[in-house]
Amino acid sequence: MSCVDTVMELRSVSYQYLGRFPALDGVSFTVGRGERVALLGANGCGKSTVLKVLDGLVFPDRGSYDAFAVPVTEDALEDDQFVTAFRSRVGFVFQNSDAQVFSPTVREEVAFGPLQMGLDSPDVERRVDDVLAMLEIAHLADRAPHQLSGGQKKRVAVASVLVMNPEVLLFDEPTAALDPRAQQWLVALIAELHASGKTIIIATHDLDRLEAIADRCIVFSEDHELVADGPTRAILDDVALLQRVNLVHDHAHVHAQEPAHRHLHGRGHHQLAG
Amino acid sequence: MITTATPEWLLQPEVALCPCGCIGRRRKANFVDKTLQNAGGLLLRTMFAEDAATRDGLLQRCDARAKLAGGAVLLLAAALVHDVRVLVVLYLLTLAVAVASKLGAKFFVQRVWLFVPLFTGIVVLPATLNVITPGRIVVPLGTWFGYHLGVTSQGASSAAVIVVRVATSISLVVLLTLTTRFADLLTGLRALRVPRLFVLVFSMAYRYVFVLLATVDDMYTARKARAVLDTRNTKRGRQFVAASAGALFGRAHALSDEVHHAMLARGFRGEARSLRVARVSANDVVVVLVAVVVSIVALGGDRVLR
Amino acid sequence: MHIPDGYLSPATCATFGGAMVPVWATAGRKVKRVVRSRYVPLVAIGAAYSFLVMMFNVPIPDGTTAHAVGAVLIACLLGPWAAVVAVSVALFIQALFFGDGGVLAYGANAFNMAFVMPFVGYGVYRLASRRLSLTSPRRALAAGMGAYVGLNAAALCAAIEFGVQPDLFRSANGTPLYAPFHLSQTVPTMLFAHLTVAGAVEAVLTFGVIAYLQRANVPILRINHRGVAETDAELTRAPLGWRWALIGIATMVVLTPLGLLAPGRAFGEDRARDLNAGKYGLRVVPAGLARYNGFWEHTVLRSYGFGAGSHPAVAYLLSAVVGIVAVSALVLGVYGLSRTLSRRNARELA
């Protein structure tokens with residue numbers, strides 16, 4: 001029996017994309033209930049792959065992954081009962097809202113998950129209305145996705161996940177390609193969700209907002225290995241580490257004397273994540 | 001002040017940009033240009049503009065299921081009617097319904113006659129001649145190489161029947177798509193027992209035409225921004241089309257992977273489910289009945305007049 | 001090639017719609033088995049892609065435009081059954097939103113472009129690309145060739161579909177009720193346009209896309225070519241004679257429809273006489289010419305015999321059914337042959 005407070009555990013997980021290109025190499029870590037964790041690394045370091053492993057979308061070539069103390073394997077997810085339970089307990093907000101929002105209207109998009117879970121139509125309708133009101137997008141309910149702005153699409157994507165009331169929320173580059181106001185809204189929402197007891201795991205390379213969204217950071221190198229795991233503040237202070245994993249320029253300067261006036265030259269903001 | 005380091009040529013105005021167009025040879029837009037401008041504008045307007053569907057008109061108030069069923073009945077009737085007068089009446093009827101649905105007569109007529117009927121007209125024109133349709137010559141067109149050419153009555157009436165029938169059929173389809181929001185159309189299809197998987201695939205195809213079109217537009221803009229000259233119909237132009245079609249497929253496939261993951265993550269297992277559809281109301285029954293009555297009258301009229 | 005409503009009689013539309021139902025059912029089952037739940041996004045986005053490919057219009061000299069269908073391209077990339085579903089959905093969007101192709105005629109259009117075209121084209125592609133590596137330039141050529149043949153097979157079907165209308169459906173005074181053109185006019189006209197311009201457009205596009213993917217994105221080609229060696233070096237060479245024979249067969253397939261020019265009166269009369277096949281060294285033409293000549297004359301005489309309206313529907317349905325069976329047999333034959341050959345090939349290699 002593993003500890004009740006551990007919700008997810010990866011043990012020496014390795015994964016190769018298309019069976020050829022390495023994406024993860026011997027990665028191990030655990031995530032406890034109610035934690036707020038950032039997966040940090042440059043583009044292509046494998047942090048998106050970690051999220052996909054955690055969501056049971058791809059399966060490790062070597063090593064193992066347990067969620068809620070149950071091994072998550074391709075076979076296990078063939079089981080109706082397990083897959084329903086797992087999918088409703090773990091939610092995934094993808095980076096590309098266009099891929100995530102695939103239904104003809106906002107209402108149907110948000111209803112998709114609960115309907116797949118086998119909920120009745122009236123139940124689903126009620127939940128959808130609640131979550132649309134909560135995210136202040138009730139007026140968009142009958143819009144088609146192509147009539148939405150980027151920020152609105154992100155709200156719909158988040159709504160489509162929250163409607164299933166998951167315990168664990170996975171975010172892939174949540175603030176990428178959002179305008180500052182939408183970014184601020186999302187950061188506040190993540191804090192709120194965390195306060196209500198959700199476990200949150202975020203893949204990001206946005207160093208500016210790191211302290212606002214995560215208490216703990218797991219850092220990946222460009223060789224797809226886990227190189228550091230610690231409190232956010234400690235990781236941000238370790239400039240040598242951040243340089244080594246190519247998250248900041250060589251000439252990055254940290255004003256050590258004035259911690260309130262910290263700015264790192266993050267590489268990631270200027271690029272679209274891949 | 002201009003710094004001395006700036007190369008001379010950078011300070012020269014671009015010849016091709018001469019405002020009178022006297023130096024740079026003006027080029028006609030090639031087919032890639034046209035296709036993409038058309039594809040971009042026309043496609044977005046015809047497929048994704050839903051303003052007509054949200055107006056408060058006659059057909060907008062009807063349920064999509066009733067419109068689909070009624071439209072299908074009328075399409076069949078139009079295909080079975082052989083008298084041009086009956087077809088003209090049917091066509092005028094679609095026009096009247098379009099006006100009652102606040103589509104604007106001019107817009108509606110343009111929309112219907114823009115696409116296929118013009119093309120159909122050109123195709124059908126030779127069929128009026130005795131070369132194609134033998135019969136009684138009503139408009140002799142002289143003798144060519146010892147052959148008496150002319151428009152036959154059979155040819156003319158058959159061409160008229162086809163043109164009006166095509167126009168009526170397209171009017172019916174355009175009426176349906178213009179007055180129905182896409183999401184309602186899907187609900188209607190589902191209610192008419194079209195397999196759910198097909199409806200799901202259809203809805204996602206519609207959704208991703210929009211997304212992929214943006215990709216095409218980006219690729220094309222990137223290309224146009226770089227290539228000042230030579231977007232003409234040359235080997236390089238063809239290579240560009242093939243390469244962008246290839247790159248587009250790569251993007252499309254990656255996107256389908258992402259969408260698949262997004263669907264899986266929310267519990268999709270190959271089985272499509274959807275929100276329950278509201279019950280059929282009395283209004284909807286009336287719509288279908290009207291369509292059936294019109295069809296019966298049209299077919300009856302066709303019999304009598306024949 | 002999109003037949004609008006009004007060109008075909010409702011009976012024709014019903015026949016082809018009926019013929020497509022089992023095809024769609026089979027396609028759904030086959031594709032689902034291969035890619036399981038990935039089926040929906042893959043085919044949906046395949047359809048969106050196919051739709052956009054159809055937007056590339058090329059003007060042809062007679063004032064109309066031709067566009068690539070992309071059915072053979074999708075068949076090469078995702079397999080012929082996935083192409084059936086993807087192209088069908090794309091045609092559905094066109095019929096609904098653009099009036100391009102009728103709603104009643106949807107079954108007939110789907111039969112031509114979403115069934116005959118991908119299967120004939122894919123069959124030719126498989127035959128011509130046997131024992132070629134995945135990145136061989138000749139594989140791209142084979143795809144282009146398949147596209148060319150597939151498009152012309154589809155055009156031929158469309159021409160036959162509306163070419164039989166005036167003989168089968170005309171009023172008492174001889175006025176055609178649906179499409180007015182006779183087979184002897186539709187077949188040469190359609191094939192002329194498609195053998196020259198549209199076929200070339202389709203072939204160039206398909207060739208270009210495959211060649212581009214061979215350079216830029218080989219994993220994409222892997223989706224539908226699992227066991228194929230990637231480079232020529234990994235390949236055991238096939239004897240040359242086989243390939244020449246196959247190219248010969250493919251050429252014959254392309255040229256066979258020329259035989260249909262023969263019974264023409266208005267367009268074809270002079271040409272049939274002019275068509276001195278020996279002059280071009282085309283030995284295959286006379287055989288096809290003779291056979292089809294007889295075949296079509298036979299049909300024409302039959303329907304003229306029925307002209308007064310005794311049993312036109314029965315005669316029509318009979319010929320429609322015979323036509324569908326013949327074309328389907330041809331389609332599945334080509335596909336089956338290519339499957340068998342490649343399977344045997346795989347066994348030999350293993």
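A crossing of two helices is left-handed if the near helix is turned anticlockwise from the far one by less than a right angle, and right-handed if clockwise. By that rule α4(A) passes α5(A) in a right-handed crossing. The model is predicted: local features need pLDDT of at least 70 and side-chain atom pairs count only at pLDDT 80 or more, while totals for chains, interfaces and linings use all residues. Residues are numbered from 1 along each chain as its sequence is written, and chains are lettered from A and ligands numbered from 1 in the order in which they are written.

**Helix pair in chain A**

- Helix α4 (residues 106-116) and helix α5 (residues 121-134) of chain A have axes that come within 9 Å and cross at roughly 125°; helices are DSSP runs (H or I, at least four residues) and strands likewise (E, at least two), numbered from the N terminus.
- Axes are lines fitted to C-alpha atoms, for helices over the stretch in contact, and angles run from 0 to 180 degrees between N-to-C directions.
- α4(A) and α5(A) are therefore oblique to each other (under 35 degrees is roughly parallel, over 145 roughly antiparallel, 65 to 115 roughly perpendicular and the rest oblique).
- On α4(A), A:Arg107, A:Val110, A:Ala111, A:Pro114 and A:Leu115 meet A:Val124, A:Arg127, A:Val128, A:Val131 and A:Leu132 of α5(A); contact means C-beta atoms, placed from the backbone, within 7 Å.
- The residues of this contact of α4(A) with α5(A) comprise eight nonpolar, no polar and two charged (Ala, Val, Leu, Ile, Met, Phe, Trp, Tyr, Cys and Pro count as nonpolar, Asp, Glu, Lys and Arg as charged, and the others, Gly among them, as polar).

**Sheet in chain A**

- Four strands of chain A form an open sheet with antiparallel pairing, in the order β2-β1-β4-β5; strands pair if DSSP finds at least two bridges between them.
- β2 (21-32) and β5 (70-71) of chain A are at the edges with a single partner strand each, so one side of each has no neighbour in the sheet.
- Two bridges join strand β4 (residues 62-67) of chain A to β5(A), and these run antiparallel.
- A:Asp66 stands opposite A:Pro71 in β5(A).

**Contact of chains B and C**

- Chain B contributes 68 residues to the contact and chain C 62 residues.
- α11(B) gives the most to the side of chain B that touches chain C, with 18 residues.
- That side of chain B divides into 46 nonpolar, 19 polar and three charged residues.

Technical notes:
Contact = placed C-beta atoms within 7 Å.
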